[in-house]
Amino acid sequence: MAIDYRKCAEEIVANIGGRENVAQAAHCATRLRLVIKDNNKINKSELENVDGVKGMFENNGQLQLIIGTGTVNKVYDEFLAVTGMSAATKDDVKAAAAAQQPAWKRALKSVGDVFVPILPAIVASGLMMGVVEALGKAIPSFASTDWYAFLDMVANTAFAFLPVIVAVSAARVFGGNVFLAAVIGLMMVHTGLLNGWNVGSEDAINSFFGIETGVIPTWNLFGNLKIGDYVVGSISRHGYQGHVIPVMIAVWFMCKIEKWLHKHVPEMIDLFVVPITTVFTTALLTFVVIGPIFATLENYVLKGAQWLVQFPPGAMIMGAIYPATVVMGLHHMYNVIEAGMLSSTGLNTWMPIASAANFAQFGACLAVGIKCKQGKLKTVAIPSSMSAALGITEPAIFGVNFRFMKPFVCGMIGGACGAIFGAITKIGATAYGVTGIPGYLTINNYGLYTILLLISGGIAFGLTMVAWKEDLPEGAAVDTGSKDAMPAKDVQKNDQKAVQSAASTIKSSGDDVTKKLVITSSAGEIALPTPGKVIPYTEIPDPTFASGALGEGVGVEPEEGVVYAPMDGEISSVADSKHAIGITGENDQELLIHVGVDTVEMKGDGFNTLVEEGDMVKKGQKIMEFSLQKIKEAGHPDTVVVLLTNSDDYEDVKYGDI
């Protein structure tokens, strides 16, 4: 029986705290997506029982109500009529949801948005750097060969010019000119500045500047003008290799300056005035204000670390906060501590502390890689964790742990535990520059070092497995143990029906794909929309589809990138991202064909729909083409989901080979 769309919308509004509690509203192929101002005003128990609402969950600041294809757009229209709101896009809803989140969450999201596109570069470089450094330590003769020099150059390029890569990505996120941002990034690693990795080395300073004081010279743009002890306009002549936060802050300011200038500078001179003013102003701000702040932080961190590392509780603190200094790009200063230890005692007891911190980030990142269900995240997390195990933690920290925060904190805890063990046992290294697994090449006690790695990595791994929960994109349901999970009644109903109907591989009746029966009921037959192997809907690699909340059906592992109309009917919906089509049959069957899992993230790339909403189609008519290769490259399962979303209306629905 068809639902009353108006009543459904009215009951939804009543149970979410009324119109005044809704910031934005939109819908996709199957869900009503709402941004709520105050979640405490939501009556979840009543909302789950609204006729037409098949499930609900919260994801990325949105309340998403599962309604179903062909129905959600009608409920949405009534929702707008009841509330008096205007239609919004999914991007509008995402932006509004982001704005509702706390400032620290927005900041973390920005860091993640900047780093996600550049992850392939830093993951590849991180793994290669770890391997090359380990080979150089294990085979000293190899370290003096041309092959080593070449591989070292290839491996460290992404990190040597990391501010440039970060600047370009940040400009895309903050809405600025990527080429102006690249100039800012290049300034920060200019060859006329001392390499940022050498700011703590007196020998490197003296050699680079041709001096004997061991103090980095400055440019004093305004002479000796002082405010207290601070020289106004003083620029320390060193670069920012390895720094991330300073360049992100610099580009954020650059984007703000550029946008303001575009609004206020006449178009006739915009091309000349805006770029030069933007770059010059940002450069001054970066080197006069942002740079000195982080230079001061470096000094404080160095002095604090030197003092703390002298006793076990201090080592524990440093093991915990070490990853935070990596985030700020201050960790290269620790080479000064290690060099000082080796020159005075011949034993580097700082290395086990750093190793514990790094290996803990490995454990946390590995846990994310094992626990996550998203193919794309898994392909990032596993290689990043391997890089961290080799001592290069940037891919793991920026690409995974810091992005989700809980794994990062779990890593800090694991690092603290491992560091205090290292301080108590007084193990140390005979060199510096390597941590993690390559640390075996320099450590003075293999057994204790192994225990240290197991403690730090194991605790971080275990805590992350318990504390971190994946936020699946585009409405994938959360764990049914959560209060925001799919309603228990839907899960129980699904379990009962799953026993009664399991799809099997369909037999072919000739070459015509539409002769391969997939679903039958008293309302008529629904054919296989694409050639391939059929699996039960409970095995579809997505919790929402597999739960049956959107209706029962099957999944198809496609053999080719084409979708045919599986029955006569009307196109009830076509997703903006072209990956999903809804069809209403002549006997009121409501069918959803959803190509791939999480493919909404591809934003239409690789998909070509051949019909529009309202079109009448005949069984066997081609309605969509898609690229299996592009879905694979994007890291998504290519399962074609075929669901009879109003399967509850029929008692004799059958699946498989009829």
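## Burial

A residue counts as buried under 20% relative accessible area, as exposed over 50%, and as partly exposed in between, with a 1.4 Å probe and protein chains only. Cys255 is buried at a relative accessible area of 2%, and Cys410 is buried at 6%. Of the 658 residues in the protein chain, 54% are buried.

The model is predicted: local features need pLDDT of at least 70 and side-chain atom pairs count only at pLDDT 80 or more, while totals for chains, interfaces and linings use all residues. Residues are numbered from 1 along each chain as its sequence is written, and side-chain values use heavy atoms, with hydrogens and water left out.

## Disulfides

With a disulfide taken as a pair of cysteine sulfur atoms within 2.5 Å, the count is zero.

## Fold and contacts

DSSP runs, numbered from the N terminus, give the helices (H or I, at least four residues) and strands (E, at least two). The protein chain has 22 helices and 21 strands.

Contact means heavy atoms within 4.5 Å. Among contacts in the protein chain with a separation of 6 or more, 72% join residues 24 or more positions apart.

## Asp542

Asp542 sits in the loop between β11 (532–536) and α21 (543–547). Asp542 counts as buried because its relative accessibility is 7%. Its side chain reaches the backbone nitrogen of Phe545 at 3.1 Å.

## Surface

By the Shrake-Rupley method with a 1.4 Å probe, where for residues only the protein chains shown count as cover, the accessible surface of the protein chain is about 28500 Å², and carbon and sulfur atoms account for 58% of that surface.

Note on methods:
Polar contact = N/O pair within 3.5 Å; in protein donor to acceptor, adjacent residues only side chain to side chain.
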